[in-house]
Every structure is written in structure tokens, then in C-alpha cells.
Amino acid sequence: MSSARKAAGSARSRPERTAYHHGALREALVDAGEALARAEALEGVTVRRIAAACGVSAAAVYRHFPSGDHLIAAVAQRAREIMARDMFARLAAAVGHPPIDRLREVGESYIAFALAEPQLFSLVSMPMTTPPDRPDDPNAADLVRDIVLELEPPGAVDESRVASRMMLAQASAHGLAVILRDFVPDPAAREMLIAGVLDRVGAGLEA
């Protein structure tokens with residue numbers, strides 16, 4: 001067999017790789033990470049598996065991300081932004097409502113996302129040891145801060161009080177979401193607990 005025919009046969013025997021141009025691979029890697037997260041939660045999101053899903057070598061990842069941790073951070077950012085878009089969509093129906101009511105909508109949206117997308121939520125709630133290379137857009141934390149600032153009395157903003165209120169809102173929603181996801185399967189019981197806990201959190205935020 002001629003060397004040309006051998007080369008042709010060898011090329012046919014290798015799996016074809018998808019061609020990505022002008023940075024499209026970066027977005028494809030994040031897309032693949034999101035799909036793996038939806039299917040298998042954080043445990044399924046690895047550099048090797050993301051690369052394989054895109055039909056490229058693991059080495060190709062590092063032409064777009066400084067490290068594997070940076071790729072995982074980008075996938076986690078995608079999950080946070082999906083959740084934040086849900087929050088903004090929910091708030092669109094609450095325009096003109098008092099800030100405490102809109103903050104409750106944000107909390108309910110966070111909990112609803114955790115229960116509806118538990119695998120993707122595992123990335124939202126993962127420790128952020130490697131920061132993403134850009135701010136979240138949209139940004140759920142900025143949304144919470146903007147609403148909490150409306151609870152401040154006229155005059156100078158008390159940043160300590162703002163930080164405490166934000167922590168109370170975020171910790172309450174997160175803790176309740178995790179408990180309901182892991183230990184309360186009954187929808188009616190979940191609804192009752194969400195209403196009761198958020199009522200009390202709202203009272204605390206207005207104090």
C-alpha cells in the first residue's frame with residue numbers, strides 16, 4: 001500500500017474533531033460543562049469530560065483557560081447567570097412593589113431554581129476559589145444589594161447594616177433551599193415552609 005493510501009486510511013480511522021474558529025471553542029466548552037452539570041451535577045464537570053464532549057483534547061482547553069479551575073469557574077458563572085435571569089424575569093411582574101416584597105420574590109426564585117435544577121444548583125452553591133474573568137451578567141448579588149439599599153433610611157448608607165441584611169437574605173434562602181431539596185420532598189410541606197420562613201426573614205429585614 002502506498003504511503004498516501006496509508007495516510008488516507010489512518011485519517012479515516014481517527015474520530016473526526018469538530019472545528020472551532022475565532023474563539024468558538026471557549027463558548028462550546030462552557031456549553032458542554034453546563035450540559036454535564038445538568039445531567040450529573042458538579043461531580044460530572046471535569047476538564048477531561050468537557051473536552052471529550054467537544055471532541056478535543058484536554059490540552060486544547062488550556063488555549064482558552066489558564067487552568068482547569070478557570071474552566072469550572074466559567075461553567076459555575078453560567079449557572080449563576082441562568083439563575084439570575086430567572087430572578088429578573090420574576091421581578092418583571094413585581095415592578096412598583098415595595099422593596100421587601102421584591103426581595104421576597106428574589107428569595108422565592110432562588111429556592112425555586114434550587115428545587116427545579118438541583119444539578120445545576122450544585123455549581124451555583126460551590127465555593128468560588130477561582131474567580132471568573134469577568135463580573136456575572138446579570139449579577140444576583142448586585143440585584144439583592146440594590147433592593148436592600150432601598151430599605152435604608154434617607155441619608156448616609158450604613159454599609160454594615162446593608163451587609164448584614166444581604167447576608168440574612170442570602171443565607172436564609174440558601175439554607176432553606178438546601179434543606180427542602182435534601183430533606184423535604186412533599187410539595188405542600190415545601191410551600192408551607194417557604195411561606196413561613198420568608199415571612200420571618202422579611203420581618204427581620206425590615207427591623
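Val-45 is in contact (heavy atoms within 4.5 Å) with Gly-33, Leu-36, Ala-37, Ile-50, Ile-72, Val-75 and Leu-123, leaving aside its neighbours within four places in sequence. The model is predicted: local features need pLDDT of at least 70, side-chain atom pairs count only at pLDDT 80 or more, and totals for chains, interfaces and linings use all residues. Residues are numbered from 1 along each chain as its sequence is written, and side-chain values use heavy atoms, with hydrogens and water left out.

**Overall fold**

- The protein chain has ten helices and zero strands, where helices (H or I, at least four residues) and strands (E, at least two) are DSSP runs numbered from the N terminus.
- Along the sequence the pattern is α-α-α-α-α-α-α-α-α-α.
- Of the 207 residues in the protein chain, 40% are buried, meaning under 20% relative accessible area with a 1.4 Å probe, protein chains only.
- Contacts between residues at least 6 apart in sequence join residues at least 24 apart in 68% of cases.

**Helices α8 and α9**

- The axes of α8 (residues 140-149) and α9 (residues 159-183) come within 10 Å and cross at roughly 125°; axes are lines fitted to C-alpha atoms over the stretch in contact, with angles from 0 to 180 degrees between N-to-C directions.
- Ala-141, Val-144, Arg-145, Val-148 and Leu-149 in α8 meet Glu-159, Val-162, Arg-165, Met-166 and Gln-170 in α9.
- By class, this contact has six nonpolar, one polar and three charged residues; Ala, Val, Leu, Ile, Met, Phe, Trp, Tyr, Cys and Pro count as nonpolar, Asp, Glu, Lys and Arg as charged, and the others, Gly among them, as polar.

**Helices α9 and α10**

- The axes of α9 and α10 (residues 187-206) come within 10 Å and cross at roughly 170°.
- That angle makes α9 roughly antiparallel to α10.
- From α9, Arg-165, Leu-168, Ala-169, Ser-172, Leu-176, Leu-180 and Arg-181 meet Arg-190, Leu-193, Ile-194, Val-197, Val-201, Gly-204, Leu-205 and Glu-206 in α10.
- The contact of α9 with α10 has nine nonpolar, two polar and four charged residues.

How values were computed:
Buried means under 20% relative accessible area, exposed over 50%, partly exposed in between (1.4 Å probe, protein chains only). Angles under 35 degrees count as roughly parallel, over 145 as roughly antiparallel, 65 to 115 as roughly perpendicular and the rest as oblique.
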